[in-house]
Amino acid sequence: MDFKTGEVFAIDKPYRISSFGALAHVRYVLSRTLGCKVKIGHAGTLDPLATGVLVLCTGKATKRIEEFQGNSKEYTATLQLGATTASYDREHEVNATFPTAHISQALIAETLPQFIGDIEQIPPTYSAVKVNGDRAYELRRAGEEVKLKPKQVHIDEIEVTNFDAEKMLLSLRVVCGKGTYIRALARDLGRALGSGAYLTALRRTRVGEFTVDKCLDYEHIREWIE
């Protein structure tokens, strides 16, 4: 493989590592192994608490990043119903609780179709969306108020894979297009159910033709390159 000229591959991003951090590690290993600097970029940010497919492009292949960002993506997600956090995942503590006695599998099945197709979605304020040149999450962490505009996204499929009515844990498989925030979907679904929700787990299982079972193991990148 010619990484300096240009290659495309995917890694399985670990939990609690940012996409930039994962990218920086691969860049470091590539540069040390090859003995030269390697241009590299990723095609689509994953939250630090999310795992799964992160497509990486090197050299001239970085020109294809936008192409890969536009590919269909698949996620598996677990939602805790009846509560919210500021980031709509486990990065922050629960900040509000809501009733759940009325939530049933039938209600969930009736509610989900409104989120399929072309929908408007407001990104989470704890996200990498830029506001006047600054990342929204940086502004929030600095104590500033952030208001983001809704944008149109497309969701192809939402499938319930499990619902634990006792623990109010809902597991979904979601197939969606570019720019869709699964944390925002959790937030909006919780509201539509007359309650609240946040993510307890998120895994990106596919980006275009790159599936998680074909990803490189992050911990063994050096061995693979060598």
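Residues are numbered from 1 along each chain as its sequence is written, and side-chain values use heavy atoms, with hydrogens and water left out. Because the model is predicted, local features were required to have a pLDDT of at least 70 and side-chain atom pairs were counted only at pLDDT 80 or more, whereas totals for chains, interfaces and linings use all residues.

Secondary-structure elements are DSSP runs numbered from the N terminus, with helices (H or I) of at least four residues and strands (E) of at least two. Helix H1, spanning residues 19-34, contains 16 residues and extends 22 Å from its first C-alpha to its last, close to the 22 Å expected at 1.5 Å a residue, where the expected span is 1.5 Å times one less than the number of residues. Within H1, the residues Ser19, Ala22, Leu23, Val26, Val29, Leu30 and Ser31 are buried, the term denoting a relative accessible area under 20%, as against exposed (over 50%) and partly exposed (in between), with a 1.4 Å probe and protein chains only. In an α-helix there are 3.6 residues a turn, so residues three or four places apart point the same way. The cover over the buried residues of H1 includes strand E1 (8-13), strand E2 (40-42), strand E3 (51-58) and helix H6 (221-225). After H1 comes Gly35, with a positive phi near 75 degrees.

Grid points are joined across faces, edges and corners, and a volume is the space filled by probe spheres set on the points. The largest pocket has a volume of about 910 Å³, and of the 33 residues that line it, Thr45, Leu46, Asp47, Ala128 and Tyr181 lie nearest its centre. Two or more lining residues are contributed by each of H1, strand E4 (73-81), helix H4 (136-141), helix H5 (182-192) and strand E12 (197-207). The lining of the largest pocket comprises 12 nonpolar, 10 polar and 11 charged residues, where Ala, Val, Leu, Ile, Met, Phe, Trp, Tyr, Cys and Pro count as nonpolar, Asp, Glu, Lys and Arg as charged, and the others, Gly among them, as polar.

The second largest pocket holds about 180 Å³ of space. It is lined by 16 residues, of which Tyr88, Ile122, Pro123, Arg187 and Arg191 are the closest to its centre. Strand E5 (83-85), strand E7 (117-121) and H5 each give two or more residues to this lining, the largest share, 3 residues, coming from H5. Tyr88 is found in the loop between E5 and strand E6 (94-97), has a positive phi of about 60 degrees although it is not a glycine, and counts as buried at 16% relative accessibility. A positive phi, of about 65 degrees, is likewise found at Arg16, which is not a glycine; Arg16 is placed in the loop between E1 and H1 and is exposed, at 56% relative accessibility.

Among the residues lining the largest cavity are Tyr15, Asp47, Asp89, Arg90 and Arg183, while E12 gives the most to the lining, with 4 residues.

Thr62, in the loop between E3 and helix H2 (65-69), is buried, with a relative accessible area of 14%. Residues up to four places away in sequence aside, Thr62 touches Lys39, Ile40, Gly41 and Cys57, contact meaning heavy atoms within 4.5 Å. The C-alpha atoms of Thr62 and Gly6 are separated by 7.5 Å, although these residues are 56 residues apart along the chain.

Conventions
1 Å grid on protein atoms, 1.4 Å probe; cavity = no way out; pocket = protein on both sides within 12 Å on 5 of 7 lines; lining within 4 Å.
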